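Please read these points with the model open beside you, and look up each residue as it comes up.

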Amino acid sequence: MVDPAGLFTPFQLRSATLRNRIVMAPMTRNFAPTGVPGPEIAAYYRRRAEHGVGLIITEGTWVPHPGAAGYPDIPRFYGEDALAGWTAVAREVHAVGGCIMPQLWHVGLCQQAPRGKEGAEPPPVPPGRVGPSGIAGGLGVPIRKAAEPMTLADIEAVIDAFATAAKSACDLGFDGVELHGAHGYIIDQFLWHRTNLRTDAYGGSFENRARFAADIIREIRRRTRPDFPIVLRYSQWKLHDYGARLADTPQELERLLKPIVDAGVDLFDCSQRRFWEPAFEGSDLNLAGWTKKLTGKPTMTVGSISLDREFMSSMFGTERRANIAGIDRLVEMFDRGDFDLVGVGRALISDPEWVEKVRSRRISELRPYTPELLRELV
């Protein structure tokens with residue numbers, strides 16, 4: 001086994017001092033039926049922190065906009081009751097030496113087909129839901145025109161919602177925020193040419209399609225401290241199109257990311273289904289590697305780390321169990337400087353002691369992942 005010692009060195013991200021490079025990746029859990037994170041959610045995150053996770057990025061949380069929510073039992077990051085719950089979560093994580101950031105989420109026009117109704121007519125778009133060009137799509141739902149494009153007032157309202165939630169996180173003592181800009185949700189809908197057909201300043205060129213994300217980051221920076229960390233998660237793939245690409249070449253990706261860098265983002269969370277896959281032909285750099293090379297910003301890699309099956313196949317495939325895989329390739333890529341942080345997802349759901357076991361090279365003792373684990377907060 002390759003020595004993983006580098007993963008256990010500290011990392012500074014503006015005001016946040018991470019004790020190591022291991023991050024709990026954001027994962028939807030659906031255990032907040034009233035939108036309020038309760039004691040069991042606080043205990044769930046605390047367990048990972050007390051076993052050594054350096055940074056926890058929470059499950060996605062709704063920003064205060066009427067069209068933000070798209071799935072049941074997701075916590076919100078607004079309202080006195082929900083914010084009191086999140087204050088308790090942060091307190092528990094901090095008490096055992098961890099850092100924590102909420103992931104701020106707005107689904108836009110991303111939808112999910114009703115279960116068991118493959119090929120059925122897509123559900124109507126709920127009132128209040130918005131997207132850059134009125135194009136909806138999602139898990140089991142091919143993209144289609146489903147609503148009117150956002151007005152400039154709509155855009156300003158969503159920017160305000162993200163910034164309001166981020167200010168709440170800052171005021172409550174969180175260590176930063178992550179913006180969910182991946183997988184086909186609203187920020188991604190602006191970034192992708194298939195869902196952004198606008199002809200104004202928010203559409204057309206790579207630079208214009210990045211303007212929405214950049215404006216959110218600028219407004220968060222304006223309302224929070226100068227040293228408050230802002231992370232953006234982005235991906236090439238979408239829930240409804242694994243082959244989707246925001247950029248076909250490194251040059252295109254650089255054009256897309258530069259306005260976001262100029263706006264003040266601190267770190268890119270680069271979501272892939274399999275972290276080891278190259279992002280572009282002619283290089284073995286993955287998406288995090290190329291993003292770091294093109295922007296000079298720190299990056300986090302994520303995607304099937306220490307597991308042999310990617311997320312969607314382990315959720316919906318015929319063989320759903322994800323067994324343990326080695327991390328030698330991951331460590332080699334980290335050690336050569338491809339990325340700065342490592343986002344661990346399902347492996348941390350199945351095994352809260354993942355960090356301690358990897359640190360002591362007890363890979364064989366890691367627990368495999370099965371979707372049945374999602375039925376409770378272990």
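Predicted model: local features only at pLDDT ≥ 70, side-chain atom pairs only at ≥ 80, totals over all residues.

1. Residues are numbered from 1 along each chain as its sequence is written, and side-chain values use heavy atoms, with hydrogens and water left out.

2. A347 belongs to helix 11, residues 346-350; helices (H or I, at least four residues) and strands (E, at least two) are DSSP runs numbered from the N terminus. Apart from neighbours within four places in sequence, A347 is in contact with I305, S306, L307 and W354, where contact means heavy atoms within 4.5 Å. The C-alpha atoms of A347 and P368 are separated by 7.2 Å, and these residues are 21 residues apart along the chain.

3. Leaving aside neighbours within four places in sequence, the contacts of N20 include L7, F8, L341 and R359.

4. The largest nonpolar core has 107 residues, of which L179, I187, F212, I260 and W354 touch the most other members; such a core is a set of buried Ala, Val, Leu, Ile, Met, Phe, Trp, Tyr and Cys residues joined through side-chain atoms within 4.5 Å. Helix 3 (residues 152-171) supplies the largest share of this core, ten residues. Another core, of 13 residues, lies apart from it, and among its members are F11, L13, V23 and C99.

5. Please also look at the cavity, meaning a set of points on a 1 Å grid over the protein atoms alone where a 1.4 Å probe fits but cannot get out. The count comes to one cavity of 30 Å³ or more, and about 40 Å³ of space lies in the largest cavity. Residues lining the largest cavity (those with an atom within 4 Å of a point) include L109, C110, Q189 and H240. Strand 7 (residues 135-139) gives the most to this lining, with three residues.

Terms used:
1 Å grid on protein atoms, 1.4 Å probe; cavity = no way out; pocket = protein on both sides within 12 Å on 5 of 7 lines; lining within 4 Å. Points joined across faces, edges and corners; volume = space filled by probe spheres on them. Buried < 20%, exposed > 50% of the residue type's maximum accessible area, 1.4 Å probe, protein only.
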